[in-house]
Amino acid sequence: MNARTALWLAAMSTGCGSYFTPTATPRRDAGPEPNTDVAAVVNGCTEARFVDRGDPAAERVVAFGGALGMNFSPPCISVAAGQTVRFDGNLATHPLTPGVPGVAGSGAGSAIVLTTSGDTVSVTFPAAGSFPFHCGVHGPMGMVGVVRVR
């Protein structure tokens, strides 16, 4: 067995083989504008999971939901540029955090900022893009979402 084959086998057996599967990493190179991701699955938000709240009369609220309050409802929301989304819940125990859990820098340039107090925060999204967010405590357990701005 040559060195390249041995290295490949070692990488596959240690988990590096997941490189070729869809990940939760934002794709900054996929669209014509910064922060856009055309087909990437980010924070579990597939195209089918997005709830359209772009209509001017639509309520744009992301609340903490579920039996234990450990998910966002809706987790995947689409809005128009210039619209505001309100996040409702205990932000001290569920800090609103931009980005993908465990991916350093994934929240850079986001309209969403770290919020660790209060029960509500409103965020205005001035430009198109995808803005992942998560609970700073429970994000690794699946308390994640994305605001997609068109």
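Leaving aside neighbours within four places in sequence, glycine 139 is in contact (heavy atoms within 4.5 Å) with Pro101, His134 and Val144 in this predicted model. Glycine 139 lies in the loop that links strand E8 (129–135) to strand E9 (144–149); helices (H or I, at least four residues) and strands (E, at least two) are DSSP runs, numbered from the N terminus. The relative accessibility of glycine 139 is 4%, so the residue counts as buried, a term that means under 20% relative accessible area, with exposed meaning over 50% and partly exposed in between (1.4 Å probe, protein chains only). A distance of 9.6 Å separates the C-alpha atoms of glycine 139 and leucine 96, which are 43 residues apart along the chain.

The model is a predicted one, in which local features need pLDDT of at least 70 and side-chain atom pairs count only at pLDDT 80 or more, while totals for chains, interfaces and linings use all residues. Residues are numbered from 1 along each chain as its sequence is written, and side-chain values use heavy atoms, with hydrogens and water left out.

The protein contains one helix and nine strands, in the sequence pattern α-β-β-β-β-β-β-β-β-β. Of its 150 residues, 40% count as buried. Among contacts between residues at least 6 apart in sequence, 66% join residues at least 24 apart. The accessible surface, from the Shrake-Rupley method with a 1.4 Å probe (for residues, only the protein chains shown count as cover), comes to about 8,200 Å², and carbon and sulfur atoms account for 59% of this area.

Four strands form an open sheet in the order E3-E2-E5-E7, with mixed pairing; two strands pair if DSSP finds at least two bridges between them. Strand E3 (71–73) and strand E7 (120–124) stand at the edges with a single partner strand each, so one side of each has no neighbour in the sheet. From one strand to the next, the twist averages 25°, where axes are lines fitted to C-alpha atoms, for helices over the stretch in contact, and angles run from 0 to 180 degrees between N-to-C directions. Strand E5 (residues 84–88) and E7 run antiparallel and are joined by five bridges. Valine 85 has valine 123 in E7 as its bridge partner.

Two loop residues have backbone features of note. The peptide bond from serine 73 to proline 74 is cis, with omega near -5°, and proline 74 is in the loop between E3 and strand E4 (76–79). Asparagine 43, in the loop between helix H1 (3–13) and strand E1 (51–52), has a positive phi near 50° although the residue is not glycine. Asparagine 43 is buried, at 6% relative accessible area.
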